[in-house]
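Reader: I am new to reading protein models. Could you take me through this one, step by step?

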Amino acid sequence: MVRNGKRRIVIEVDEQQYEALKRLKAIYGSRSWADLLLRCLDNAALISTIMEIRNDIKYLNKAVEETLRLIREGE
């Protein structure tokens with residue numbers, strides 16, 4: 001739907017979900033539902049990136065531990 005040059009997205013939610021969304025909207029200080037949706041999507045992308053970095057750090061830590069073990073065995 002287009003109205004006043006804007007597109008409309010309709011999502012059906014029950015009363016409990018609506019109340020939870022209203023609380024999130026207030027917490028984030030979102031001006032609109034679209035703003036809330038975009039903030040949540042940005043946060044999801046950020047969390048995904050953080051998890052990737054965390055996994056890289058774990059991999060590097062294992063590599064360092066293995067290198068140290070090999071150095072100790074060679075002494």
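Reader: Glu19 and Lys22 are both in helix 1. About how many helical turns separate them?

Author: Keep in mind that this is a predicted model. An α-helix has 3.6 residues a turn, so residues three or four places apart point the same way. Glu19 and Lys22 are three residues apart in helix 1, so the separation is about one helical turn.

Reader: What kind of contact do the side chains of Glu19 and Lys22 make?

Author: The test is a side-chain nitrogen of Lys or Arg within 4 Å of a carboxyl oxygen of Asp or Glu. For Glu19 and Lys22 the N to O distance is 3.6 Å. The contact is a salt bridge.

Reader: Is Glu19 buried, partly exposed or exposed?

Author: Buried means under 20% relative accessible area, and exposed means over 50%. Glu19 has 29% relative accessibility, so Glu19 is partly exposed.

Reader: How many salt bridges does the structure hold?

Author: Glu19 and Lys22 form one of them. Arg69 and Glu66 form another, with their closest N and O atoms 2.4 Å apart. The total for the structure is four.

Reader: Which residues are linked with Arg69 in a network of salt bridges?

Author: Start with Glu66, which lies three residues from Arg69 in helix 2, about one helical turn away. Then take Glu73, four residues from Arg69 in helix 2 and again about one turn. Glu73 bridges to Arg69 with closest N and O atoms 2.4 Å apart. The network links Arg69 with Glu66 and Glu73.

Reader: Is Glu73 buried or exposed?

Author: The cut-off for exposed is over 50% relative accessible area. Glu73 is at 54%, so Glu73 counts as exposed.

Reader: Back to helix 1. What span is expected for helix 1 at 1.5 Å a residue?

Author: Helix 1 covers residues 15-28. That makes 14 residues. From first C-alpha to last, helix 1 reaches 20 Å, close to the expected span of 20 Å.

Reader: Which residue caps the N-terminal end of helix 1?

Author: Look for a side-chain oxygen by the backbone nitrogen of Gln16. The distance between these two atoms is 3.2 Å. The oxygen belongs to the capping residue, Asp14.

Reader: What is the angle between the planes in the aromatic pair of Tyr18 and Trp33?

Author: The structure holds one aromatic pair. Its partners are Tyr18 and Trp33, 5.9 Å centre to centre. Planes under 30 degrees apart count as stacked and over 60 as edge-to-face. This pair is tilted, at 45°.

Reader: How many residues apart in sequence are the parts that the pair ties together?

Author: Tyr18 lies in helix 1. Trp33 lies in helix 2, residues 33-74. So the pair ties together parts whose separation in sequence is 15 residues.

Note on methods: Residues are numbered from 1 along each chain as its sequence is written. This is a predicted model: local features need pLDDT of at least 70, side-chain atom pairs count only at pLDDT 80 or more; totals for chains, interfaces and linings use all residues. Side-chain values use heavy atoms; hydrogens and water are left out. The expected span of a helix is 1.5 Å times one less than its number of residues. A polar contact is a pair of N or O atoms within 3.5 Å; within protein, one must be able to donate a hydrogen and the other to accept it, and residues adjacent in sequence count only if both atoms are side-chain atoms. Rings of Phe, Tyr and Trp (its six-membered ring) pair if their centres lie within 6.5 Å; planes under 30 degrees apart count as stacked, over 60 as edge-to-face and the rest as tilted. Buried means under 20% relative accessible area, exposed over 50%, partly exposed in between (1.4 Å probe, protein chains only).
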